[in-house]
Amino acid sequence: MTQPRRAAIVEGSEDAIIGATLDGVITEWNSSAERLFGYAAAEALGRRIEDLLLPTDRQAEDERLRATIASGQRMLPFETLRRHRDGSLIAVALTAGPILDDRGRKLGQHVGLSFYTLGQRQGLGIGGVKE
């Protein structure tokens, strides 16, 4: 797949797609991430994912996620909360994994986040989240 085609797929996705260094500094931020979290790409790039999006009670979850990626494995999809620019919490399904070069060396991490609708959130029992 060509790089322009790959970029078009990422940018056209309804899911928020974030690329970051292994220590969590944001290097890519698609337009769905802008809509979901309220930050323009220029505001998000260069900042740490945990500083921008991680609720304080999710630190242990983030440590597990980073350890999984550092070991070269993908994180299976799971339901969680992330923080919007305005401070409200958003219910999301999160997937993540390492970004590898053609030799299998870890270059960074990718994170995909899907927004839950009101009906899905009620089924999950997650309350007080952003509409």
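Contact means heavy atoms within 4.5 Å. The model discussed here is predicted.

Q: Which residues is Thr-95 in contact with, leaving aside its neighbours within four places in sequence?
A: Thr-95 lies in strand β4. Leaving aside neighbours within four places, the contacts of Thr-95 are Met-75, Pro-77, His-110, Val-111 and Gly-112.

Q: Is Thr-95 buried, partly exposed or exposed?
A: Buried means under 20% relative accessible area, and exposed means over 50%. Thr-95 has a relative accessibility of 32%. Therefore Thr-95 counts as partly exposed.

Q: Is Ala-96 buried or exposed?
A: Ala-96 has its place in strand β4. The cut-off for buried is under 20% relative accessible area. Ala-96 has 2% relative accessibility, so this residue counts as buried.

Q: Which residues does Ala-96 touch, not counting residues up to four places away in sequence?
A: Start with Ile-69, which is 27 residues from Ala-96 along the chain. The C-alpha atoms of these two are separated by 7.5 Å. Not counting residues up to four places away, Ala-96 touches Leu-65, Ile-69, Arg-74, Met-75, His-110 and Val-111.

Q: What pattern does the protein chain follow, read along the sequence?
A: The chain has 6 helices and 5 strands. Read along the sequence, the pattern is α-β-β-α-α-α-α-β-β-β-α.

Q: Among contacts between residues at least 6 apart in sequence, what percentage join residues at least 24 apart?
A: Take the contacts in the protein chain between residues at least 6 apart in sequence. Then pick out those that join residues at least 24 apart. Their share is 41%.

Q: What percentage of the 131 residues of the protein chain count as buried?
A: A residue is buried when its relative accessible area is under 20%. The protein chain has 131 residues. The buried share is 38%.

Q: Is Leu-53 buried or exposed?
A: Leu-53 has its place in helix α4. Its contacts, leaving aside neighbours within four places in sequence, are Ile-18, Trp-29, Phe-37, Arg-82 and Arg-83. At 1% relative accessibility, Leu-53 counts as buried.

Q: How are the planes of Trp-29 and Phe-37 arranged: stacked, edge-to-face or tilted?
A: The structure has 1 aromatic pair. Trp-29 and Phe-37 form this pair, with 6.0 Å centre to centre and 45° between the planes. Both residues are buried. Planes under 30 degrees apart are stacked and those over 60 are edge-to-face, so the pair Trp-29 and Phe-37 is tilted.

Q: What is the distance of the polar contact that joins the side chains of Glu-61 and Thr-80?
A: Glu-61 has its place in helix α5. With a relative accessible area of 10%, Glu-61 is buried. Not counting residues up to four places away in sequence, Glu-61 touches Phe-78, Thr-80 and Arg-82. The polar contact between the side chains of Glu-61 and Thr-80 is 2.7 Å.

Q: How far does the backbone nitrogen of Arg-103 lie from a polar atom of the side chain of Asp-101?
A: Asp-101 lies in the loop between β4 (89-100) and β5 (106-115). Asp-101 counts as buried, at 17% relative accessibility. From a polar atom of its side chain to the backbone nitrogen of Arg-103, the distance is 2.8 Å.

Q: Is Gly-104 buried, partly exposed or exposed?
A: The place of Gly-104 is in the loop between β4 and β5. Its C-alpha is 8.9 Å from that of Gly-72, which is 32 residues away in sequence. The relative accessible area of Gly-104 is 42%, so Gly-104 is partly exposed.

Q: Which residues lining the largest cavity are the closest to its centre?
A: A search of the whole structure finds 1 cavity of 30 Å³ or more. About 140 Å³ of space lies in the largest cavity. Of the 16 lining residues, the closest to the centre are Ile-49, Glu-50, Asp-62, Leu-65 and Gln-109.

Q: How many residues in the lining of the largest cavity are nonpolar?
A: α4 (49-53), α5 (59-70) and β5 each supply at least two residues of this lining. By class, 2 lining residues are polar and 6 are charged. The nonpolar ones number 8.

Key: Residues numbered from 1 in each chain as written. Predicted model: local features only at pLDDT ≥ 70, side-chain atom pairs only at ≥ 80, totals over all residues. Heavy atoms only, no water. Helix = DSSP H or I, 4+ residues; strand = E, 2+ residues; numbered from the N terminus. Buried < 20%, exposed > 50% of the residue type's maximum accessible area, 1.4 Å probe, protein only. Polar contact = N/O pair within 3.5 Å; in protein donor to acceptor, adjacent residues only side chain to side chain. 1 Å grid on protein atoms, 1.4 Å probe; cavity = no way out; pocket = protein on both sides within 12 Å on 5 of 7 lines; lining within 4 Å. Points joined across faces, edges and corners; volume = space filled by probe spheres on them. Nonpolar A, V, L, I, M, F, W, Y, C, P; charged D, E, K, R; others polar. Phe/Tyr/Trp six-rings, centres within 6.5 Å; stacked < 30°, edge-to-face > 60°.
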